[in-house]
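Thanks for coming. I have one model to go through today, so let me put it on the screen.

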Amino acid sequence: MSTSTSTPVAVVTGANSGIGRATALHLAQHGYTVFGTVRALNKADKLLAKASELGVTIELVEMDVADDDSVRTGFADIMRKVSHIDVLVNNAGIGGNGVTEECTPAQYHESFNVNVVGAIRCTQQVLPGMRARKTGAIINITSISATVVSINRGEYCIAKAGLSMLSQLFASRLGSENIPVYEVRPGVIKTDMTSGVTAKYDKLIAEGLCVQSRWGVPDDIGRAVAALARGDFPFSTGQVIMVDGGLTMPRL
């Protein structure tokens, strides 16, 4: 498929489900040509069905952000169809379930490789073009786990903290080149990743965990990303956009 670049172009990693899917759909609804990366093309039926229902198109790109060759090949495929990329959303990631001191080195390596180095790989692919054009935006999806301790997800917390710092590092490097970098930090979001702890968070939310007494949904994140991608926050590079219903707001 040959894609026109008269519209802005966005790449959303991990677009097959949850936050990635909602983000890809929101950007498509806002007029972006959207490339959504998925690990397997034959498992993206829900994404394609929802796109069809909304009357938008998402072009799938097979990519594993944990693999150097896969990332290079995936972005090469994209660049054969478009002349540039305007927005990169680093969303692809994996969860964790390791008690901090019991996590194996392999668990830490896997989490860091996917959640942090995966974002680095993808960012390095889009930077030459963005720098040449002196325009673009990079949006990293982290988690409140970047600062909120979950001892039963030690590897995940450390990786998300790393991605948070990475956002600031790239923001600092790219600020003078008109390429803002943002961090969107979700709270408790109802996705497949949190399906195993539904009862726990139902109870906590009912007891006042969040100021806004409900679960977050992927659509909440998609809306925030779309606003950043549109340029609604042009003087806010390096900032953390909290989407957590007030969960982390200090309260007495």
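I will start with the surroundings of one tryptophan and then turn to the cysteines. Keep in mind that this is a predicted model.

Begin with the aromatic rings. How many aromatic pairs does the structure hold? The count is 1. Its members are Tyr201 and Trp215, arranged edge-to-face, with 6.0 Å centre to centre and 75° between the planes. The pair joins distant parts of the chain: Tyr201 belongs to helix H6, while Trp215 lies in the loop between H6 and helix H7, and 14 residues separate them. Both residues are buried.

Trp215 has a charged neighbour as well. The charged end of Lys190 sits over the ring of Trp215, at 4.0 Å from the ring centre.

Next, Thr194. You will find Thr194 in the loop between strand S6, residues 181–186, and helix H6, residues 198–206. Leaving out residues up to four places away in sequence, Thr194 touches Ile189 and Trp215. Is Thr194 buried or exposed? Its relative accessibility is 16%, so Thr194 counts as buried, the cut-off being under 20%.

Now the cysteines. A search of the whole structure gives 0 disulfides. Cys103 is buried, at 9% relative accessibility. Cys157 is buried too, at 12%.

That is the end of the tour; I will take questions.

Terms used. Residues numbered from 1 in each chain as written. Predicted model: local features only at pLDDT ≥ 70, side-chain atom pairs only at ≥ 80, totals over all residues. Heavy atoms only, no water. Helix = DSSP H or I, 4+ residues; strand = E, 2+ residues; numbered from the N terminus. Buried < 20%, exposed > 50% of the residue type's maximum accessible area, 1.4 Å probe, protein only. Contact = heavy atoms within 4.5 Å. Disulfide = S-S within 2.5 Å. Phe/Tyr/Trp six-rings, centres within 6.5 Å; stacked < 30°, edge-to-face > 60°. Lys NZ or Arg CZ within 6 Å of the ring centre and 35° of its normal.
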